[in-house]
Amino acid sequence: DRYNEWGAWVVFFAGLTPFPYKVITILSGVTSLDVVVFIISSVAARGLRFYIVAGLLWYFGEPIRTFIERRLGLLFAIFSLLLVGGDWSEDAKSVALIMCIFAAGIPVYVTGSLWAQTLIAVGAHRLILLLGLSGSVINVLLDLLLGHLWGSTGIAVATVAVYTTNLLAMIYLTPVVLTKLRRPTLTNGPE
């Protein structure tokens with residue numbers, strides 16, 4: 001109920017950040033957010049975000065690109081924390097808490113995405129596919145469990161937990177992947 005009441009703002013704020021937008025899409029579907037509200041908020045947020053980034057790049061040039069890539073998530077997290085600490089309604093604080101949880105997961109998500117692309121580049125397609133599929137199943141199960149216990153906050157925690165678990169699994173399995181690359185085979189062995 002809280003998510004649907006504040007859903008337009010959640011979708012809008014998430015659309016302005018580098019946060020994985022598919023999480024908001026899934027959360028909006030799970031909570032049955034009105035599709036028209038979702039579409040209008042999405043178009044407004046994504047359009048505004050791209051125009052802001054384009055305007056900043058046009059005005060400041062290349063130096064602002066690094067700032068945007070490295071600090072936008074941090075600025076969003078600070079804004080959300082200020083929103084939580086401000087004199088706002090409990091519903092607004094609840095939405096801000098959810099956004100803080102998602103913002104805290106941004107570095108894990110970005111690192112995991114880069115790590116996965118690196119493993120794909122060295123030929124670990126099956127591993128990434130397996131982690132992606134198992135992560136999706138675990139995410140759905142945790143969404144059901146934690147969503148039942150804590151509502152939308154539980155869904156946010158479940159999503160960040162799955163991102164973290166997948167990243168840790170990739171880090172743990174990387175030596176195995178690299179060891180397989182070093183083994184001589186018919187295609188990469190000595191001639």
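Tutor: Gly105 counts as buried because its relative accessibility is 2%. Buried means under 20% relative accessible area; exposed means over 50%, and partly exposed is in between, using a 1.4 Å probe and protein chains only. The model is predicted: local features need pLDDT of at least 70, side-chain atom pairs count only at pLDDT 80 or more, and totals for chains, interfaces and linings use all residues. Residues are numbered from 1 along each chain as its sequence is written, and side-chain values use heavy atoms, with hydrogens and water left out.

Gly105 sits in helix 5, which covers residues 90–121. Helices are DSSP runs of H or I with at least four residues, strands are runs of E with at least two, and both are numbered from the N terminus. Val157 is 52 residues away from Gly105 in sequence, yet their C-alpha atoms are 9.1 Å apart in space.

Stay with helix 7 (152–182). Leu167 is found there. Leu167 is buried, because its relative accessibility is 11%. From Leu167 to Ala116 there are 51 residues in sequence and 8.3 Å in space, C-alpha to C-alpha. Thr174 also has its place in helix 7. Thr174 counts as buried because its relative accessibility is 13%. Its side chain makes a polar contact of 2.8 Å with the side chain of Trp115. A polar contact is a pair of N or O atoms within 3.5 Å; within protein, one must be able to donate a hydrogen and the other to accept it, and residues adjacent in sequence count only if both atoms are side-chain atoms.

Now look for open space. Rolling a probe the size of a water molecule over the atoms shows where empty space is left. The largest pocket holds about 510 Å³. It is lined by 23 residues, and those closest to its centre are Lys22, Tyr109, Gly132, Tyr163 and Asn166. Helix 2 (21–30), helix 5, helix 6 (125–150) and helix 7 each give two or more residues to this lining. Helix 6 gives the largest share, seven residues. By class, twelve lining residues are nonpolar, nine are polar and two are charged. Here Ala, Val, Leu, Ile, Met, Phe, Trp, Tyr, Cys and Pro count as nonpolar, Asp, Glu, Lys and Arg as charged, and the others, Gly among them, as polar. A pocket is an open set of points on a 1 Å grid over the protein atoms alone, where a 1.4 Å probe fits, with protein on both sides within 12 Å along at least five of seven lines; lining residues have an atom within 4 Å of a point. Points are joined across faces, edges and corners, and the volume is the space filled by probe spheres set on them.

Between helix 6 and helix 7 there is a loop, and Gly151 lies in it. Gly151 is partly exposed because its relative accessible area is 27%.

Move on to helix 3, residues 35–60. Its 26 residues should span 38 Å at 1.5 Å a residue, and its end C-alpha atoms are 37 Å apart, which agrees. The expected span is 1.5 Å times one less than the number of residues. Its buried residues are Phe38, Ser41, Ser42, Ala45 and Arg49. Val43, also in helix 3, is exposed because its relative accessibility is 58%. Gly61 follows helix 3 and has a positive phi, near 80°.

Val11 is one of the buried residues of helix 1. Helix 1 also has a kink of about 50°, centred on Ala8. The bend at a residue is the angle between axes fitted to the seven residues ending there and the seven starting there.

Finally, step back. The protein chain has seven helices and zero strands. Of its 191 residues, 36% are buried.
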